Amino acid sequence: MNATARRLIGYGLILAVALVAPLLAPEYRTQLSFLWVMIVFALTWDLLGGQMGYNSFGNILFFGIGMYACAVIQRDAGLDYYVALFLGMGAGGLVAVAVAGVLGSGILGLRGHYFAIGTLGLGIAAGEYAAGWDYIGAGSGLVPPLYPGIAGAREGFFYYVTFALAVVTFLVLRWLYSGRFGLAINAIRDDEDKAEAMGLRTTLYKIAAWCTSAFFLGLMGGAVGNIIGFIDPRDVAFAGATFGVWMVLMAILGGKGTLWGPVIGAAIFHVTQELFWTYLLGWQRVALGLLIVVIVVFFPLGILGWARERWPELFGHRVEAAPAEAGKRAVAAKEGA
């Protein structure tokens with residue numbers, strides 16, 4: 001069996017398990033929905049932080065924009081629930097892209113720590129601004145329309161919406177990384193000055209990467225607003241201290257700069273977090289803080305990076321024998337001849 005066949009079988013198994021999961025464990029459908037949300041968080045952050053080398057703490061801005069844009073359209077458009085929902089999610093993604101394009105032309109000129117601190121301020125400022133804007137509920141928050149289906153149907157519906165968004169995000173990023181775009185942003189990560197000197201339009205690629213990340217976060221924001229059923233400006237929409245930090249940690253835990261690393265990191269982080277909330281209630285934030293320290297100290301390269309160092313041949317890396325060992329093999333081969 002060749003590698004392509006094994007890969008297709010693996011994808012098929014994952015897809016089959018994901019499709020039947022809400023049927024096998026209906027009481028965990030909301031938690032399973034948030035697993036896909038976390039995967040989109042980690043994948044979209046890694047597009048900048050892992051693949052391009054720009055560590056952003058402001059991606060939560062696009063998530064919140066999408067959430068509010070979707071809820072406002074659902075509230076004011078007077079359309080059927082499903083039409084308004086998908087129209088609102090699309091609008092949320094487009095508004096997030098527009099904001100990313102405008103901000104990116106300025107803030108993506110910063111590098112290193114300056115860029116990270118600058119983006120951190122974006123999420124905080126957006127939360128404070130939303131908390132004072134009456135049109136979107138200000139500090140009292142905003143409530144999206146109620147799901148029109150029967151009791152229990154909402155969880156199943158949004159599970160498949162978030163699952164579809166995660167799959168599309170993964171496939172689009174996989175396609176982008178396999179072509180010129182992936183090579184360009186990797187070149188920016190490795191040596192931006194050299195990439196510019198070779199004629200690469202780095203600013204254009206950086207803005208395109210940020211807009212791509214913003215689009216999927218904006219789409220997901222609309223869905224999450226409806227799953228939670230209440231949009232608080234600081235604790236839900238622009239929750240930099242939770243969602244904003246978690247998306248960074250998940251990518252680092254799995255292995256930033258890889259396609260599957262953020263997926264693995266998101267799955268492990270989400271399951272661990274749910275276990276903390278279930279079995280360590282009252283101490284869950286302490287345990288989560290310790291988990292963050294463990295991730296940073298013991299997995300600086302992530303799980304995939306750790307595995308690649310120990311078993312490089314599993315990742316297609318050729319392992320050269322040490323000189324002494326190579327000499328012994330040469331002597332043995334000569335004696336055998």
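**View 1. Ala 195 in helix H7.** Ala 195 lies in helix H7 (residues 180-197); helices are DSSP runs of H or I with at least four residues, numbered from the N terminus. The model is predicted, and local features need pLDDT of at least 70, side-chain atom pairs count only at pLDDT 80 or more, and totals for chains, interfaces and linings use all residues. Residues are numbered from 1 along each chain as its sequence is written, and side-chain values use heavy atoms, with hydrogens and water left out. Ala 195 counts as buried because its relative accessibility is 6% (buried means under 20% relative accessible area, with a 1.4 Å probe and protein chains only). Not counting residues up to four places away in sequence, Ala 195 touches Ala 187, Leu 200 and Thr 202, contact being heavy atoms within 4.5 Å. Ala 184, 11 residues apart from Ala 195 in sequence, is 8.1 Å apart in space, C-alpha to C-alpha.

**View 2. Packing of helices H2 and H11.** H2 (residues 29-49) packs against H11 (residues 260-279) at an angle of about 140°, with the axes 8 Å apart.

**View 3. Phe 269 in the largest nonpolar core.** Among the 93 residues of this core, Phe 41, Phe 158, Phe 243, Met 250 and Phe 269 touch the most other members; a nonpolar core joins buried Ala, Val, Leu, Ile, Met, Phe, Trp, Tyr and Cys residues through side-chain atoms within 4.5 Å. Beyond four places in sequence, Phe 269 touches residues including Trp 246, Met 250, Leu 288 and Ile 295.

Key:
Buried < 20%, exposed > 50% of the residue type's maximum accessible area, 1.4 Å probe, protein only. Axes fitted to C-alpha atoms, helices over the stretch in contact; angles between N-to-C directions. Helix = DSSP H or I, 4+ residues; strand = E, 2+ residues; numbered from the N terminus.
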